Amino acid sequence: QNSERRKTKKPRVCVLCFLSPKMNADYWSIDEILAEEERIPSQFRIDALFLGYLDPGLPETETTLKKDTKLELPYWLAGTLASRRMVTIELPRFYGRKFKSTLLADPAVINLREKSNFFYELGSRLAHLIHDPELSPMLLKALTSRFREILDRCQHSKANDDFTPFTRRLTSLEKKLFESGRKAVIEFGLWKNRKQEKIMCSSVITRPNKRIRVH
């Protein structure tokens with residue numbers, strides 16, 4: 001009986017599962033690679049031998065980064081160095097308190113894509129890395145609020161509407177959610193009008209079940 005229950009168990013889907021720091025980890029994913037290329041303010045805690053090339057302001061003959069040197073490093077490198085206590089990571093300004101207050105005041109009107117096309121992905125990684133207790137709740141609140149508008153646009157718009165001004169404000173994740181929603185609405189309309197005999201199961205449903213893990 002237990003095996004039968006496991007077989008018939010319905011998958012649970014939640015948009016917030018995307019905020020897990022290990023969300024949909026895929027070595028070959030272009031989005032994963034681009035998200036980890038986002039640059040993070042970092043300060044070296046030691047003299048770093050043979051890393052002088054990371055600072056374009058140093059002469060070629062200088063091969064050592066001095067202690068307290070501040071640089072913007074890609075997340076994949078900053079995170080590795082931080083885990084070895086070689087650098088201290090600072091939050092980018094768009095995760096700071098000033099922007100956080102502006103974002104939470106009215107999340108739907110903010111152009112997050114201008115800040116980072118991978119705002120949620122990068123933020124969840126940073127929250128996990130530096131153990132920031134305020135960052136994850138802010139990401140959750142922003143995404144749930146903005147998702148309501150995305151859902152509303154999907155359900156209450158015409159097929160020939162121009163969504164460009166709206167999608168320009170969306171991050172990579174939000175745009176994928178919007179495009180999936182629009183596709184589902186169009187397919188439902190076709191099925192309702194008997195122009196399509198079968199409704200296809202969304203890829204969001206068929207992907208392996210992932211629990212929400214927010215630190």
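Helices of at least four residues and strands of at least two are DSSP runs, numbered from the N terminus. In this predicted model, the chain holds 10 helices and 3 strands, and one place described in these terms is that of Asp68, in the loop between strand E1 (39-44) and strand E2 (70-74). Of the 215 residues of the chain, 38% count as buried.

**Overall make-up**

- Among contacts between residues at least 6 apart in sequence, 66% join residues at least 24 apart.

**Helix H9**

- Helix H9 spans residues 172-192, which makes 21 residues. From its first C-alpha to its last it reaches 30 Å, close to the 30 Å expected at 1.5 Å a residue.
- The buried residues in H9 are Ser172, Leu173, Glu174, Leu177, Phe178, Gly181, Arg182 and Glu187.
- The cover over these buried residues includes helix H2 (30-35), helix H5 (112-115), helix H6 (119-130), helix H7 (135-155) and helix H8 (164-167).
- Just after H9, Arg194 adopts a positive phi of about 60°.

**Packing of H7 against H9**

- Two packed helices are described by the angle between their axes and the distance between the axes.
- For H7 and H9, the angle is about 30° and the axes lie 9 Å apart. Angles under 35 degrees count as roughly parallel, and H7 and H9 are therefore roughly parallel to each other.
- The crossing of H7 with H9 is right-handed.
- On the H7 side, the contact is made by Leu143, Arg146, Phe147, Ile150, Arg153, Cys154 and Gln155. Their partners in H9 are Leu173, Glu174, Leu177, Phe178, Gly181, Arg182 and Val185.
- Sorted by class, this contact of H7 with H9 comprises 8 nonpolar, 2 polar and 4 charged residues.

**Packing of H4 against H7**

- Helix H4 (residues 97-105) also meets H7: their axes come within 10 Å and cross at roughly 30°. H4 and H7 are therefore roughly parallel to each other.
- The crossing of H4 and H7 is left-handed.
- Lys100, Leu103 and Leu104 of H4 are in contact with Met138, Lys141 and Ala142 of H7. By class, the residues in this contact are 4 nonpolar, no polar and 2 charged.

**Loop residues with positive phi**

- Most residues other than glycine have a negative phi.
- Asp68, a residue other than glycine, has a positive phi near 80°. With a relative accessibility of 47%, Asp68 counts as partly exposed.
- Arg85 is not a glycine either, yet its phi is positive at about 60°. This residue is placed in the loop between helix H3 (75-83) and E3. Because its relative accessibility is 61%, Arg85 counts as exposed.

**Glu90 and its contacts**

- Glu90 is located in the loop between strand E3 (87-89) and H4. Its relative accessibility of 35% means that Glu90 counts as partly exposed.
- Although Glu90 and Ile40 are 50 residues apart along the chain, their C-alpha atoms are separated by 7.0 Å.
- Apart from neighbours within four places in sequence, Glu90 is in contact with Ile40, Pro41, Gln43 and Lys70.

Technical notes: Residues are numbered from 1 along each chain as its sequence is written. This is a predicted model: local features need pLDDT of at least 70, side-chain atom pairs count only at pLDDT 80 or more; totals for chains, interfaces and linings use all residues. Side-chain values use heavy atoms; hydrogens and water are left out. The expected span of a helix is 1.5 Å times one less than its number of residues. Buried means under 20% relative accessible area, exposed over 50%, partly exposed in between (1.4 Å probe, protein chains only). Contact means heavy atoms within 4.5 Å. Axes are lines fitted to C-alpha atoms, for helices over the stretch in contact, and angles run from 0 to 180 degrees between N-to-C directions. Angles under 35 degrees count as roughly parallel, over 145 as roughly antiparallel, 65 to 115 as roughly perpendicular and the rest as oblique. A crossing is left-handed if the near helix is turned anticlockwise from the far one by less than a right angle, and right-handed if clockwise. Ala, Val, Leu, Ile, Met, Phe, Trp, Tyr, Cys and Pro count as nonpolar, Asp, Glu, Lys and Arg as charged, and the others, Gly among them, as polar.
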